[in-house]
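The sequence and structure come first.

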Amino acid sequence: MAPISIKTVLISESVDPRCKAILEENGIRVTEKQNMTKDELIAKIKDYDGLVVRSATKVTADVISAANNLKIIGRAGTGVDNVDVPAATKKGIIVMNTPSGNTISAAELTCALLMSLSRNVPQAAMSMKQGKWDRKKFMGAELYGKVLGIVGLGRIGKEVASRMQSFGMKTIGYDPITPPEVSATWGVEQMSLEQLWPQCDYITVHTPLLPSTVGLLNDESFAKCKKGVKVVNCARGGIIDEEALLRALESGQCGGAGLDVFVEEPPKNHSLVEHPNVISCPHLGASTKEAQARCGEDIALQIVDMVKGKNLVGAVNQAHCASAGAAEGVCKVEIAATGCSYKASGSVQGGVPVLLELCNSVFRQPISLTGNLLFFKAPANPQLLSSLAGVLATEGVEIESFSAPADRSGDLWYCVGVSSLLRDLSALNSVVKDAAQLGF
(Lines give C-alpha, C1' and ligand atoms only; values in the text may rest on other atoms or scores of the structure.)
Protein backbone atom coordinates (compact mmCIF):
# COMPACT_ATOMS: atom_id res chain seq x y z
CA MET A 1 0.00 0.00 0.00
CA ALA A 2 1.06 3.61 -0.51
CA PRO A 3 2.30 5.44 2.61
CA ILE A 4 0.00 7.99 4.26
CA SER A 5 1.44 11.16 5.78
CA ILE A 6 0.67 11.41 9.50
CA LYS A 7 2.75 14.08 11.23
CA THR A 8 0.60 15.02 14.23
CA VAL A 9 -1.65 12.89 16.44
CA LEU A 10 -4.03 13.91 19.22
CA ILE A 11 -4.64 11.36 22.00
CA SER A 12 -7.86 12.46 23.70
CA GLU A 13 -8.07 9.82 26.45
CA SER A 14 -5.90 7.91 28.89
CA VAL A 15 -3.96 5.48 26.70
CA ASP A 16 -0.94 3.41 27.71
CA PRO A 17 2.32 5.46 27.50
CA ARG A 18 3.71 3.01 24.93
CA CYS A 19 1.28 4.46 22.38
CA LYS A 20 2.82 7.93 22.56
CA ALA A 21 6.35 6.53 22.77
CA ILE A 22 5.99 4.38 19.62
CA LEU A 23 4.46 7.23 17.62
CA GLU A 24 7.18 9.68 18.68
CA GLU A 25 9.93 7.14 17.98
CA ASN A 26 8.67 7.15 14.39
CA GLY A 27 8.72 10.92 13.97
CA ILE A 28 5.07 11.67 14.78
CA ARG A 29 4.33 14.61 17.10
CA VAL A 30 1.86 13.64 19.81
CA THR A 31 -0.40 15.80 21.98
CA GLU A 32 -2.25 14.26 24.93
CA LYS A 33 -5.31 16.17 26.16
CA GLN A 34 -8.01 14.39 28.14
CA ASN A 35 -11.56 15.29 29.17
CA MET A 36 -12.15 17.74 26.33
CA THR A 37 -15.66 18.99 25.73
CA LYS A 38 -17.19 18.53 22.28
CA ASP A 39 -16.55 22.20 21.48
CA GLU A 40 -12.91 21.92 22.59
CA LEU A 41 -12.40 18.85 20.42
CA ILE A 42 -13.99 20.59 17.42
CA ALA A 43 -11.67 23.56 17.92
CA LYS A 44 -8.54 21.41 18.29
CA ILE A 45 -9.08 18.63 15.75
CA LYS A 46 -8.31 20.78 12.69
CA ASP A 47 -4.63 20.85 13.73
CA TYR A 48 -4.11 17.07 13.63
CA ASP A 49 -3.63 14.33 11.04
CA GLY A 50 -4.60 11.55 13.47
CA LEU A 51 -6.83 11.04 16.51
CA VAL A 52 -6.52 8.21 19.06
CA VAL A 53 -9.50 7.54 21.35
CA ARG A 54 -10.93 4.91 23.65
CA SER A 55 -14.69 4.75 24.27
CA ALA A 56 -15.43 8.06 26.03
CA THR A 57 -14.59 10.48 23.19
CA LYS A 58 -17.59 10.92 20.90
CA VAL A 59 -16.27 11.46 17.38
CA THR A 60 -19.49 12.81 15.91
CA ALA A 61 -20.23 14.11 12.42
CA ASP A 62 -19.66 17.65 13.73
CA VAL A 63 -16.19 16.73 14.94
CA ILE A 64 -15.36 15.00 11.66
CA SER A 65 -16.66 17.98 9.66
CA ALA A 66 -14.19 20.23 11.49
CA ALA A 67 -11.29 17.79 10.95
CA ASN A 68 -9.84 19.29 7.80
CA ASN A 69 -6.52 17.43 8.00
CA LEU A 70 -7.62 14.21 9.70
CA LYS A 71 -6.65 10.99 7.91
CA ILE A 72 -6.97 8.36 10.67
CA ILE A 73 -9.14 7.78 13.75
CA GLY A 74 -7.57 5.06 15.88
CA ARG A 75 -9.73 3.34 18.49
CA ALA A 76 -7.56 1.73 21.18
CA GLY A 77 -10.07 -1.06 21.76
CA THR A 78 -12.77 -2.95 19.90
CA GLY A 79 -16.12 -1.17 19.57
CA VAL A 80 -16.31 1.90 17.32
CA ASP A 81 -19.89 2.92 18.16
CA ASN A 82 -18.50 6.20 19.59
CA VAL A 83 -17.24 7.08 16.09
CA ASP A 84 -19.50 8.20 13.23
CA VAL A 85 -17.96 5.75 10.77
CA PRO A 86 -20.16 6.72 7.76
CA ALA A 87 -19.22 10.39 8.23
CA ALA A 88 -15.54 9.47 8.45
CA THR A 89 -15.81 7.25 5.37
CA LYS A 90 -17.48 10.00 3.38
CA LYS A 91 -14.65 12.38 4.24
CA GLY A 92 -11.92 9.89 3.36
CA ILE A 93 -10.86 9.21 6.97
CA ILE A 94 -9.80 5.68 7.87
CA VAL A 95 -11.28 4.31 11.13
CA MET A 96 -9.13 1.66 12.77
CA ASN A 97 -9.55 -0.48 15.91
CA THR A 98 -7.55 -3.07 17.86
CA PRO A 99 -9.98 -6.01 17.99
CA SER A 100 -7.86 -8.47 19.97
CA GLY A 101 -6.23 -6.24 22.58
CA ASN A 102 -8.88 -6.53 25.28
CA THR A 103 -10.20 -10.02 24.50
CA ILE A 104 -8.81 -11.79 27.57
CA SER A 105 -9.68 -8.97 29.97
CA ALA A 106 -13.30 -8.77 28.77
CA ALA A 107 -13.66 -12.57 28.90
CA GLU A 108 -12.25 -12.74 32.43
CA LEU A 109 -14.62 -10.01 33.70
CA THR A 110 -17.55 -11.86 32.13
CA CYS A 111 -16.55 -15.02 33.99
CA ALA A 112 -16.11 -13.06 37.22
CA LEU A 113 -19.65 -11.70 36.92
CA LEU A 114 -21.07 -15.16 36.16
CA MET A 115 -19.41 -16.54 39.29
CA SER A 116 -20.46 -13.55 41.38
CA LEU A 117 -24.07 -13.97 40.27
CA SER A 118 -24.04 -17.63 41.24
CA ARG A 119 -22.69 -16.98 44.75
CA ASN A 120 -23.79 -13.39 45.55
CA VAL A 121 -20.18 -12.46 46.28
CA PRO A 122 -20.45 -8.63 46.09
CA GLN A 123 -23.64 -8.53 48.16
CA ALA A 124 -22.13 -10.81 50.81
CA ALA A 125 -18.93 -8.76 50.94
CA MET A 126 -20.92 -5.54 51.42
CA SER A 127 -23.01 -7.16 54.13
CA MET A 128 -19.84 -8.17 56.00
CA LYS A 129 -18.53 -4.59 55.80
CA GLN A 130 -21.76 -3.53 57.50
CA GLY A 131 -20.99 -5.89 60.39
CA LYS A 132 -23.58 -8.52 59.44
CA TRP A 133 -23.33 -12.33 59.25
CA ASP A 134 -26.13 -13.34 56.82
CA ARG A 135 -25.25 -16.88 55.77
CA LYS A 136 -28.82 -17.88 54.91
CA LYS A 137 -29.55 -14.69 52.97
CA PHE A 138 -26.81 -15.35 50.45
CA MET A 139 -27.53 -18.96 49.55
CA GLY A 140 -26.06 -19.53 46.08
CA ALA A 141 -25.99 -22.16 43.36
CA GLU A 142 -23.26 -24.17 41.66
CA LEU A 143 -22.29 -23.46 38.07
CA TYR A 144 -21.51 -27.15 37.57
CA GLY A 145 -24.05 -28.77 35.25
CA LYS A 146 -25.75 -25.49 34.37
CA VAL A 147 -26.35 -24.27 30.80
CA LEU A 148 -24.61 -21.11 29.62
CA GLY A 149 -25.97 -19.42 26.49
CA ILE A 150 -23.37 -17.33 24.64
CA VAL A 151 -24.84 -14.88 22.15
CA GLY A 152 -21.96 -13.84 19.89
CA LEU A 153 -19.18 -16.36 19.26
CA GLY A 154 -16.29 -14.15 18.27
CA ARG A 155 -12.98 -13.87 20.11
CA ILE A 156 -14.47 -13.01 23.53
CA GLY A 157 -17.35 -15.49 23.31
CA LYS A 158 -14.88 -18.25 22.49
CA GLU A 159 -12.67 -17.40 25.48
CA VAL A 160 -15.66 -17.27 27.84
CA ALA A 161 -16.78 -20.69 26.62
CA SER A 162 -13.44 -22.36 27.28
CA ARG A 163 -13.20 -20.90 30.79
CA MET A 164 -16.74 -21.73 31.89
CA GLN A 165 -16.48 -25.25 30.50
CA SER A 166 -13.77 -25.82 33.12
CA PHE A 167 -16.50 -25.26 35.73
CA GLY A 168 -18.53 -28.04 34.18
CA MET A 169 -21.02 -25.77 32.42
CA LYS A 170 -22.69 -26.85 29.19
CA THR A 171 -22.11 -24.12 26.59
CA ILE A 172 -24.58 -23.40 23.80
CA GLY A 173 -24.59 -20.37 21.56
CA TYR A 174 -25.76 -18.32 18.62
CA ASP A 175 -23.78 -16.44 15.98
CA PRO A 176 -24.89 -15.53 12.43
CA ILE A 177 -21.34 -15.71 11.01
CA THR A 178 -19.27 -18.29 12.91
CA PRO A 179 -20.10 -21.70 11.36
CA PRO A 180 -21.59 -24.30 13.75
CA GLU A 181 -18.88 -26.80 12.81
CA VAL A 182 -16.24 -24.28 13.92
CA SER A 183 -17.84 -23.45 17.29
CA ALA A 184 -18.37 -27.17 17.85
CA THR A 185 -14.58 -27.56 18.00
CA TRP A 186 -14.66 -25.20 21.02
CA GLY A 187 -17.38 -27.26 22.70
CA VAL A 188 -20.20 -24.82 21.85
CA GLU A 189 -23.37 -26.20 20.26
CA GLN A 190 -24.96 -23.59 18.00
CA MET A 191 -28.70 -23.10 17.56
CA SER A 192 -31.26 -20.40 16.79
CA LEU A 193 -32.15 -17.85 19.47
CA GLU A 194 -35.64 -19.35 19.67
CA GLN A 195 -34.06 -22.68 20.63
CA LEU A 196 -31.46 -21.11 22.91
CA TRP A 197 -33.57 -18.93 25.23
CA PRO A 198 -35.57 -21.69 27.03
CA GLN A 199 -32.48 -23.85 27.71
CA CYS A 200 -30.27 -21.33 29.50
CA ASP A 201 -29.59 -20.96 33.20
CA TYR A 202 -27.19 -18.12 32.38
CA ILE A 203 -26.90 -15.91 29.28
CA THR A 204 -23.99 -13.70 28.27
CA VAL A 205 -23.94 -11.40 25.22
CA HIS A 206 -20.85 -10.64 23.11
CA THR A 207 -22.12 -8.90 19.97
CA PRO A 208 -21.42 -5.46 18.52
CA LEU A 209 -24.10 -2.81 19.04
CA LEU A 210 -25.91 -2.80 15.69
CA PRO A 211 -29.51 -2.06 14.69
CA SER A 212 -30.05 -5.83 14.60
CA THR A 213 -28.70 -6.34 18.15
CA VAL A 214 -30.35 -3.42 19.98
CA GLY A 215 -32.79 -4.91 22.50
CA LEU A 216 -31.81 -8.46 21.59
CA LEU A 217 -32.89 -9.48 25.09
CA ASN A 218 -36.29 -7.85 25.56
CA ASP A 219 -39.69 -8.61 27.12
CA GLU A 220 -40.45 -11.20 24.47
CA SER A 221 -37.14 -13.06 24.77
CA PHE A 222 -37.15 -12.91 28.60
CA ALA A 223 -40.61 -14.52 28.51
CA LYS A 224 -39.13 -17.45 26.57
CA CYS A 225 -36.35 -17.99 29.12
CA LYS A 226 -36.34 -20.17 32.22
CA LYS A 227 -37.75 -18.41 35.26
CA GLY A 228 -34.81 -17.04 37.24
CA VAL A 229 -32.36 -16.92 34.32
CA LYS A 230 -29.27 -14.80 35.06
CA VAL A 231 -27.76 -12.52 32.41
CA VAL A 232 -24.42 -10.77 31.86
CA ASN A 233 -23.54 -7.90 29.54
CA CYS A 234 -19.89 -6.91 29.19
CA ALA A 235 -20.30 -5.95 25.52
CA ARG A 236 -22.32 -2.79 24.85
CA GLY A 237 -25.18 -1.07 26.62
CA GLY A 238 -28.47 -1.52 24.77
CA ILE A 239 -28.02 -5.13 23.66
CA ILE A 240 -30.13 -5.99 26.69
CA ASP A 241 -33.22 -3.76 26.87
CA GLU A 242 -32.71 -2.07 30.26
CA GLU A 243 -36.40 -1.43 30.95
CA ALA A 244 -37.31 -5.01 29.99
CA LEU A 245 -34.50 -6.28 32.24
CA LEU A 246 -35.80 -4.27 35.19
CA ARG A 247 -39.30 -5.66 34.65
CA ALA A 248 -37.91 -9.20 34.46
CA LEU A 249 -35.91 -8.67 37.67
CA GLU A 250 -38.93 -7.32 39.54
CA SER A 251 -41.15 -10.19 38.39
CA GLY A 252 -38.51 -12.82 39.16
CA GLN A 253 -38.34 -13.97 35.54
CA CYS A 254 -34.71 -12.82 35.66
CA GLY A 255 -32.88 -13.95 38.79
CA GLY A 256 -29.93 -11.57 38.51
CA ALA A 257 -27.84 -9.49 36.14
CA GLY A 258 -24.16 -8.63 35.86
CA LEU A 259 -23.78 -5.35 33.97
CA ASP A 260 -20.54 -3.67 32.95
CA VAL A 261 -22.12 -1.47 30.27
CA PHE A 262 -25.16 0.78 30.03
CA VAL A 263 -27.08 2.69 27.36
CA GLU A 264 -26.06 5.92 29.05
CA GLU A 265 -22.68 6.04 30.75
CA PRO A 266 -22.55 6.90 33.55
CA PRO A 267 -26.22 5.95 33.99
CA LYS A 268 -28.48 8.70 35.30
CA ASN A 269 -31.33 6.28 36.03
CA HIS A 270 -30.06 4.16 38.93
CA SER A 271 -32.99 1.73 39.03
CA LEU A 272 -30.89 -1.14 37.68
CA VAL A 273 -27.71 -0.30 39.57
CA GLU A 274 -29.59 -0.16 42.89
CA HIS A 275 -31.56 -3.38 42.33
CA PRO A 276 -30.46 -5.98 44.93
CA ASN A 277 -30.02 -8.68 42.27
CA VAL A 278 -27.81 -6.59 40.01
CA ILE A 279 -24.01 -6.54 40.12
CA SER A 280 -22.72 -3.55 38.22
CA CYS A 281 -19.32 -2.18 37.20
CA PRO A 282 -18.33 1.15 35.57
CA HIS A 283 -17.37 -0.29 32.14
CA LEU A 284 -14.29 -2.19 33.32
CA GLY A 285 -14.13 -4.80 30.54
CA ALA A 286 -10.88 -3.48 29.08
CA SER A 287 -9.64 -1.86 32.30
CA THR A 288 -6.61 -4.00 33.02
CA LYS A 289 -2.99 -2.97 32.73
CA GLU A 290 -2.39 -5.76 30.25
CA ALA A 291 -5.32 -4.87 27.96
CA GLN A 292 -4.48 -1.18 27.96
CA ALA A 293 -0.85 -1.92 27.19
CA ARG A 294 -1.83 -4.19 24.27
CA CYS A 295 -4.41 -1.78 22.85
CA GLY A 296 -2.17 1.28 23.16
CA GLU A 297 0.77 -0.50 21.58
CA ASP A 298 -1.35 -2.12 18.86
CA ILE A 299 -2.99 1.11 17.68
CA ALA A 300 0.36 2.91 17.57
CA LEU A 301 2.04 0.13 15.58
CA GLN A 302 -0.92 -0.04 13.17
CA ILE A 303 -0.69 3.71 12.55
CA VAL A 304 3.09 3.49 12.02
CA ASP A 305 2.66 0.59 9.56
CA MET A 306 0.13 2.65 7.65
CA VAL A 307 2.44 5.68 7.58
CA LYS A 308 5.30 3.55 6.26
CA GLY A 309 3.09 1.89 3.66
CA LYS A 310 3.70 -1.57 5.12
CA ASN A 311 0.17 -2.69 5.92
CA LEU A 312 -3.34 -1.56 6.79
CA VAL A 313 -4.48 -3.56 9.82
CA GLY A 314 -7.64 -3.09 11.87
CA ALA A 315 -9.45 -0.76 9.43
CA VAL A 316 -13.22 -1.04 9.92
CA ASN A 317 -14.03 1.07 6.84
CA GLN A 318 -12.59 1.76 3.42
CA ALA A 319 -12.42 5.53 3.26
CA HIS A 320 -13.79 6.91 0.01
CA CYS A 321 -11.70 9.53 -1.73
CA ALA A 322 -13.39 12.83 -0.88
CA SER A 323 -11.95 14.96 -3.66
CA ALA A 324 -14.16 16.11 -6.51
CA GLY A 325 -11.90 14.42 -9.03
CA ALA A 326 -11.93 11.02 -7.35
CA ALA A 327 -13.74 9.34 -10.23
CA GLU A 328 -10.97 10.40 -12.63
CA GLY A 329 -8.57 8.16 -10.71
CA VAL A 330 -10.47 4.94 -11.49
CA CYS A 331 -8.55 2.54 -13.72
CA LYS A 332 -9.70 -0.64 -15.40
CA VAL A 333 -7.44 -3.67 -15.55
CA GLU A 334 -7.50 -7.33 -16.48
CA ILE A 335 -6.21 -9.72 -13.81
CA ALA A 336 -4.75 -13.08 -14.78
CA ALA A 337 -5.07 -15.79 -12.10
CA THR A 338 -5.42 -19.58 -12.11
CA GLY A 339 -5.33 -19.63 -15.90
CA CYS A 340 -8.33 -17.31 -16.30
CA SER A 341 -8.75 -13.57 -16.77
CA TYR A 342 -10.92 -11.27 -14.71
CA LYS A 343 -11.89 -7.69 -15.57
CA ALA A 344 -11.64 -5.31 -12.66
CA SER A 345 -11.67 -1.60 -11.83
CA GLY A 346 -9.88 0.04 -8.96
CA SER A 347 -8.50 3.24 -7.56
CA VAL A 348 -6.34 4.71 -4.83
CA GLN A 349 -8.36 6.07 -1.92
CA GLY A 350 -6.81 7.68 1.12
CA GLY A 351 -3.43 6.50 -0.18
CA VAL A 352 -4.58 2.87 -0.28
CA PRO A 353 -5.08 0.89 -3.54
CA VAL A 354 -8.59 -0.52 -3.62
CA LEU A 355 -10.73 -2.76 -5.82
CA LEU A 356 -14.11 -1.30 -6.77
CA GLU A 357 -15.54 -3.84 -9.21
CA LEU A 358 -14.82 -7.38 -10.39
CA CYS A 359 -16.50 -8.90 -13.45
CA ASN A 360 -19.49 -6.53 -13.19
CA SER A 361 -19.90 -7.11 -9.43
CA VAL A 362 -19.66 -3.65 -7.83
CA PHE A 363 -18.63 -3.94 -4.18
CA ARG A 364 -20.54 -2.05 -1.48
CA GLN A 365 -17.26 -0.97 0.10
CA PRO A 366 -13.95 -0.71 -1.79
CA ILE A 367 -11.65 -3.65 -1.04
CA SER A 368 -8.22 -2.75 0.28
CA LEU A 369 -5.63 -4.64 -1.76
CA THR A 370 -3.56 -5.85 1.16
CA GLY A 371 -2.92 -9.22 2.75
CA ASN A 372 -4.41 -12.49 1.45
CA LEU A 373 -7.60 -12.14 -0.56
CA LEU A 374 -9.89 -14.90 -1.79
CA PHE A 375 -12.36 -13.97 -4.55
CA PHE A 376 -15.24 -16.31 -5.31
CA LYS A 377 -18.32 -16.41 -7.50
CA ALA A 378 -21.59 -17.79 -6.14
CA PRO A 379 -25.36 -17.15 -6.14
CA ALA A 380 -26.64 -14.82 -3.41
CA ASN A 381 -27.54 -16.98 -0.41
CA PRO A 382 -27.99 -16.10 3.32
CA GLN A 383 -26.01 -19.24 4.23
CA LEU A 384 -23.16 -18.58 1.80
CA LEU A 385 -20.70 -17.07 4.27
CA SER A 386 -21.38 -19.71 6.90
CA SER A 387 -20.87 -22.54 4.40
CA LEU A 388 -17.67 -20.99 3.05
CA ALA A 389 -16.27 -20.44 6.56
CA GLY A 390 -16.89 -24.10 7.37
CA VAL A 391 -14.98 -25.29 4.31
CA LEU A 392 -12.11 -22.89 4.98
CA ALA A 393 -11.93 -23.99 8.61
CA THR A 394 -11.37 -27.59 7.55
CA GLU A 395 -8.42 -26.30 5.50
CA GLY A 396 -7.00 -24.40 8.49
CA VAL A 397 -7.90 -20.99 7.05
CA GLU A 398 -9.78 -18.27 8.96
CA ILE A 399 -11.91 -15.46 7.50
CA GLU A 400 -10.64 -12.03 8.56
CA SER A 401 -12.94 -9.77 6.49
CA PHE A 402 -15.87 -10.05 4.08
CA SER A 403 -16.92 -7.85 1.15
CA ALA A 404 -20.17 -8.30 -0.77
CA PRO A 405 -21.46 -6.72 -3.99
CA ALA A 406 -24.23 -4.11 -4.01
CA ASP A 407 -26.39 -6.24 -6.31
CA ARG A 408 -28.15 -9.21 -4.68
CA SER A 409 -29.35 -11.21 -7.69
CA GLY A 410 -27.75 -13.86 -9.88
CA ASP A 411 -24.19 -15.14 -9.70
CA LEU A 412 -21.99 -12.57 -7.96
CA TRP A 413 -18.36 -12.08 -7.00
CA TYR A 414 -17.47 -11.78 -3.32
CA CYS A 415 -14.18 -11.27 -1.51
CA VAL A 416 -12.91 -12.49 1.85
CA GLY A 417 -9.68 -11.59 3.55
CA VAL A 418 -8.12 -14.82 4.82
CA SER A 419 -5.41 -15.75 7.29
CA SER A 420 -3.53 -17.69 4.59
CA LEU A 421 -3.99 -18.71 0.96
CA LEU A 422 -5.57 -22.07 0.19
CA ARG A 423 -3.30 -24.86 -0.99
CA ASP A 424 -5.99 -26.07 -3.42
CA LEU A 425 -8.94 -23.98 -4.61
CA SER A 426 -10.85 -27.14 -5.56
CA ALA A 427 -11.71 -27.47 -1.85
CA LEU A 428 -14.30 -24.74 -2.50
CA ASN A 429 -16.08 -26.55 -5.33
CA SER A 430 -18.99 -27.57 -3.12
CA VAL A 431 -19.95 -23.97 -2.27
CA VAL A 432 -18.72 -21.69 -5.10
CA LYS A 433 -18.78 -21.68 -8.91
CA ASP A 434 -15.40 -20.02 -9.46
CA ALA A 435 -12.56 -18.76 -7.28
CA ALA A 436 -9.22 -16.98 -7.41
CA GLN A 437 -6.82 -15.85 -4.71
CA LEU A 438 -4.11 -13.24 -4.47
CA GLY A 439 -1.50 -12.38 -1.85
CA PHE A 440 -0.32 -8.77 -1.54
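## Arg 18 and Glu 297

In this predicted model, a salt bridge joins the side chains of Arg 18 and Glu 297 (3.9 Å, N to O); the term stands for a side-chain nitrogen of Lys or Arg within 4 Å of a carboxyl oxygen of Asp or Glu. Arg 18 belongs to helix α1 (residues 17–25) and Glu 297 to helix α12 (residues 289–308), so the pair ties together parts 279 residues apart in sequence. Helices (H or I, at least four residues) and strands (E, at least two) are DSSP runs, numbered from the N terminus.

Arg 18 is partly exposed, at a relative accessible area of 36%, and Glu 297 is partly exposed at 29%. Buried means under 20% relative accessible area, exposed over 50%, and partly exposed in between (1.4 Å probe, protein chains only). Arg 18, Glu 25 and Glu 297 form a network of salt bridges.

## Other salt bridges

The whole structure holds 14 salt bridges. One of them links Lys 20 and Glu 32 (3.8 Å, N to O). Lys 20 is in helix α1 and Glu 32 in strand β2 (residues 29–32), so this pair ties together parts 12 residues apart in sequence.

Glu 264 and Lys 268 also pair through their side chains (3.8 Å, N to O). Glu 264 is partly exposed at 38% relative accessibility, whereas Lys 268 is exposed at 69%.

## Basis of the values

Residues are numbered from 1 along each chain as its sequence is written. Local features need pLDDT of at least 70, side-chain atom pairs count only at pLDDT 80 or more, totals for chains, interfaces and linings use all residues, and side-chain values use heavy atoms, with hydrogens and water left out.
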